[in-house]
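Q: Hi, I have a structure open and would like to go through it piece by piece. Could you help me with that?

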Amino acid sequence: MSLYQVQKLIYQLNRDPRTRQRYADEPDAVLGEYDLTREEIGALLKPDIGLLYVLGVNGQLLMHFAALHRIEWTDYLERMRQGLRDHGQVREGVYAATGYEGVEAHEARLKAERETR
Amino acid sequence: MPLVYCGACSHAPGMTARAERADTQTRQALESAFRRMGDDIRATRPDALVVIAAEHFANFFMNNMPAFAIGMADSYEGPIEDEAFLRIGRTTVPGNKALSRRLIEKVMQTVDVAYAEEWKFDHGISVPLHFLTPDYDLPIVPANINCQGPPLSPLARAWAFGEALRRAADAVPERIALIGTGGLSHWPATPDSGKINQEWDREFLRRWSANDREALLSYTDAETYREAGQGGFEIRTFIAAAAAAKGAKGTVDFCEPVPIFAVSCTLGSFRLSDTRPE
């Protein structure tokens with residue numbers, strides 16, 4: 001139930017400017033309206049993107065929560081990787097990590113393939 | 001009027017948010033493909049464009065998740081995303097409430113679709129429109145298939161939704177164009193963002209171009225998740241577009257893997273003149 005509450009708060013923050021403003025002005029009051037654990041409140045306030053990812057927050061919600069905190073894309077990806085190192089694999093949901101060579105290595109491979117076409 | 005246009009395209013937010021980080025040639029080719037699709041749509045003189053999207057919690061959440069929804073308003077706002085992140089300015093896009101209502105009434109005859117008099121566009125609609133109708137001068141009828149929050153809409157029902165939209169479009173006097181928007185294999189917004197299963201994408205597009213209903217509906221969600229990631233669930237929008245094409249064959253105009261955009265950027269359309277007779 002708790003992951004649902006974390007995601008619901010992020011959903012509201014992402015879509016509703018008034019919730020965003022209230023969250024900026026009085027975060028504790030907004031957080032108090034959701035049934036959250038201490039770990040979740042800590043992860044939201046910090047914000048600890050890595051832990052939120054491991055808790056199972058859907059990436060389609062989490063990437064916009066990161067953008068709200070002015071976390072740049074590459075940094076966002078790195079924070080999730082750090083979360084996996086710190087807390088282990090994703091605990092819930094469908095956004096688990098599966099392993100990837102990384103964009104730079106992948107781009108280089110595709111470029112080499114294009115050149116030999 | 002019979003449906004005037006039917007196609008599908010990617011909606012990856014990276015295409016605008018991280019545009020300059022892609023290979024320049026690939027990016028220019030992608031933008032040209034979008035321009036061609038926009039021109040093709042305009043050439044059919046549509047009165048409205050139905051966009052079947054896989055929205056990402058802009059309007060629908062797990063407290064009340066419709067399997068299928070259609071917007072019913074005279075205007076829509078979007079994108080909801082941070083403008084600095086998506087690099088698309090928030091704007092108002094025209095809709096057509098009366099037309100939506102007539103389409104919804106027809107679709108409802110066979111598919112239990114939810115309707116929404118409020119709808120905020122996210123990148124699933126705003127990114128394609130940014131390229132296809134940058135002046136936002138064509139009324140949009142947004143439609144949605146739940147591709148995000150399991151349990152997801154079954155593929156066979158996505159097909160039925162596409163068929164129902166086609167029947168509805170054919171039944172109204174307006175000229176209706178339709179596109180599905182979504183990614184094929186991708187692992188978006190995860191540490192694996194950029195991973196693409198090109199073989200899987202090619203095979204999907206082979207089935208899609210052939211408009212092979214049985215082959216398109218044979219994917220299981222477990223298989224898609226394993227081979228094409230959670231992003232692969234968005235094939236539902238391509239499948240609905242194929243159903244709306246009513247047997248016509250498709251052409252893939254552009255398909256290139258772009259890791260920094262997190263997908264094989266894909267655009268394709270169906271030759272509606274081939275549509276099988278009733």
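Q: Let's begin with strands E1 and E8 of chain B: in which sense do they pair?
A: This is a predicted model, and in it strand E1 (residues 5-9) of chain B and strand E8 (residues 176-181) of chain B run in the parallel sense, with 5 bridges between them.

Q: Ok, and which residue in E8(B) is the bridge partner of Gly7(B)?
A: The partner of Gly7(B) in that strand is Ile179(B).

Q: What is the order of the strands in the sheet of chain B?
A: The sheet is an open one of 8 strands in chain B, in the order E6-E3-E7-E2-E8-E1-E10-E9, and its pairing is mixed.

Q: Which strands stand at the edges, and why does one side of each lack a neighbour?
A: The edges are taken by strand E6 (114-116) and strand E9 (250-258) of chain B, and because each has a single partner strand, one side of each is left without a neighbour in the sheet. From one strand to the next, the twist averages 15°.

Q: Which strands does helix H10 of chain B touch?
A: Helix H10 (residues 235-244) of chain B packs on the sheet and touches E1, strand E2 (48-53), strand E7 (140-145), E8 and E9 of chain B, while its direction makes about 150° with that of E8(B).

Q: What about the largest nonpolar core, which residues touch the most other members?
A: That core has 120 residues, and those touching the most other members are Leu62(A), Val50(B), Leu165(B), Leu178(B) and Ala241(B). Helix H10(B) supplies the largest share of this core, with 8 residues.

Q: And what is Leu165(B) in contact with?
A: If we leave aside its neighbours within four places in sequence, Leu165(B) is in contact with Val50(B), Val107(B), Ala143(B), Leu178(B) and Ala244(B).

Q: Over to chain A now: is Thr116(A) buried or exposed?
A: Thr116(A), which is found in helix H8 (residues 103-116) of chain A, counts as exposed because it has 5 C-beta neighbours inside 10 Å. From C-alpha to C-alpha, Thr116(A) and Ala96(A) are 34 Å apart in space, and they are 20 residues apart in sequence.

Q: Last one, how many residues does the contact take from each chain?
A: The contact takes 29 residues from chain A and 28 residues from chain B. On the side of chain B that touches chain A, the residues divide into 15 nonpolar, 7 polar and 6 charged.

How values were computed:
Residues are numbered from 1 along each chain as its sequence is written. Chains are lettered from A and ligands numbered from 1 in the order in which they are written. This is a predicted model: local features need pLDDT of at least 70, side-chain atom pairs count only at pLDDT 80 or more; totals for chains, interfaces and linings use all residues. Two strands pair if DSSP finds at least two bridges between them. Helices (H or I, at least four residues) and strands (E, at least two) are DSSP runs, numbered from the N terminus. Axes are lines fitted to C-alpha atoms, for helices over the stretch in contact, and angles run from 0 to 180 degrees between N-to-C directions. Two residues are in contact if their C-beta atoms, placed from the backbone, lie within 7 Å. A residue is buried if 20 or more other C-beta atoms lie within 10 Å of its own, exposed if 12 or fewer, and partly exposed in between; C-beta atoms are placed from the backbone. Ala, Val, Leu, Ile, Met, Phe, Trp, Tyr, Cys and Pro count as nonpolar, Asp, Glu, Lys and Arg as charged, and the others, Gly among them, as polar. A nonpolar core is a set of buried Ala, Val, Leu, Ile, Met, Phe, Trp, Tyr and Cys residues joined through C-beta atoms within 7 Å.
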